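This report looks at salt bridges and at one helix crossing. Please have the sequence and the model in view while reading.

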Amino acid sequence: MEFIDLKAQYRALQPSIDARIKKVLDHGQYIMGPEVAELEEKLAAYTGSRHCITCSSGTEALLMSMMALGIGPGDEVITTPFTFAATAEMIVLVGATPVFVDIEDGTCLMDAAIIEAKITPRTKAIMPVSLYGQVCDMDAINALAARHGNIPVIEDAAQSFGASYSGPGGVSRQSCNLSTIGCTSFFPSKPLGCYGDGGALFTNDDALAKALREIRVHGQERRYYHTRVGVGGRMDTLQCAVVLAKLERFDWEIERRLEVGARYTALLGGLVNGARPVTVLADRDSVFAQYTLLVPNREQFQAELASRKVPTAVHYPIPLYRQPAYQALCPAPSFPVSEALSAQVVSLPMHADLDIATQDFIVDACSQACAA
């Protein structure tokens, strides 16, 4: 049993993927070839954003977004401690300080209701993380940012490309087109993945888009004319070709992820001993980059599933304020929800090609593990 079955996905798309790769091999433009612009156009259209700028990884997207906004030493960026290290890592690398806000019980998303208390004159961005495939309460976060002098909002959407959000307004919008800048990842295990590293940034701001394009190529406005400090942040043409091929069935994959996730939730809603699925709120959906449960006796639960050959994973067992690299930035942590849920989260096999029989087997194993 595969936790994420990329081999099945490749078999379904092999003719298209192979043809796309061969086309790049034939024209030989491995850096900034025509597939880069083609992918950016299609991704911008998919999200409804004015601009898409591909880059070398989701991590690099976060770095580039803060560079474009001029964030640096002495600045603060509000984010969540319940995320992969890259979120805080990039804040530190530009010289700024991550300021953590606790998460909501149930969703594991940054709690928009308590962000305001962390805003100071040094706050230069708010960086919510759309975790497990579900978007944060972006309308509330954007409204708060607007009230405090139009603080830029950077959506770390590494896990949520393809997810939708309506919020109080009721108009459905796509993750990555919900804030000042949206950043996503095409790491192979993501809902839309390549066969290496890759990422993209999305914005409706023309000036920011220009800055991001320059930053991506070492700060060049044109060849050998450097208007700003930049990075080598390009997504290579071969990886863009892979994503272009995968876009052919992406709508189907999202539909399947929604179906598989809804079925998991329906079947696992009656788990015993305090176990429960992570909540997906009514005004949004989830593309289920991971399908995650909250299980009080996680180690025993995982051992029981392993005995039945069901793979599991934990995202994330140690909040960032307890990581050695970041402890000094948060000397007196008080994040009770992050602390509690980091000891409970466990993810099940999740992908578009997961069949009913295999899912039933997983659900049965979960029920037995919770009752053990």
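Which side chain meets that of Asp 206 in a salt bridge? The partner is Arg 50, and the N to O distance is 3.2 Å. A salt bridge here is a side-chain nitrogen of Lys or Arg within 4 Å of a carboxyl oxygen of Asp or Glu. Asp 206 lies in helix H6 (residues 206–216) and Arg 50 in the loop between H2 and strand E1 (51–55), so this pair ties together parts that are 156 residues apart in sequence. Helices (H or I, at least four residues) and strands (E, at least two) are DSSP runs, numbered from the N terminus.

The model is predicted: local features need pLDDT of at least 70, side-chain atom pairs count only at pLDDT 80 or more, and totals for chains, interfaces and linings use all residues. Residues are numbered from 1 along each chain as its sequence is written, and side-chain values use heavy atoms, with hydrogens and water left out.

**Salt bridges**

The structure holds 22 salt bridges. Among them are the following.

| Asp 206 | Arg 50 | 3.2 Å |

Glu 38 lies in helix H2 (residues 34–47) and Arg 20 in helix H1 (residues 6–27), so their bridge ties together parts that are 18 residues apart in sequence. Asp 26 and Lys 22, in contrast, both lie in helix H1, four residues apart, which is about one turn of the helix.

The relative accessible area of these residues is classed as buried (under 20%), exposed (over 50%) or partly exposed (in between), using a 1.4 Å probe and protein chains only. Asp 26 is exposed at 56%, and Lys 22 is partly exposed at 49%. Asp 206 is partly exposed at 44%, and Arg 50 is exposed at 54%. Elsewhere, salt bridges that share partners join Lys 210, Glu 214, Glu 221, Arg 222 and Arg 228 into one network.

**A helix crossing**

The axes of helix H9 (residues 298–307) and helix H11 (residues 356–371) come within 9 Å and cross at roughly 135°. Axes are lines fitted to C-alpha atoms, for helices over the stretch in contact, and angles run from 0 to 180 degrees between N-to-C directions. The contact (heavy atoms within 4.5 Å) is made by Phe 301, Glu 304 and Leu 305 of H9 and Ala 365, Cys 366, Ala 369 and Cys 370 of H11.
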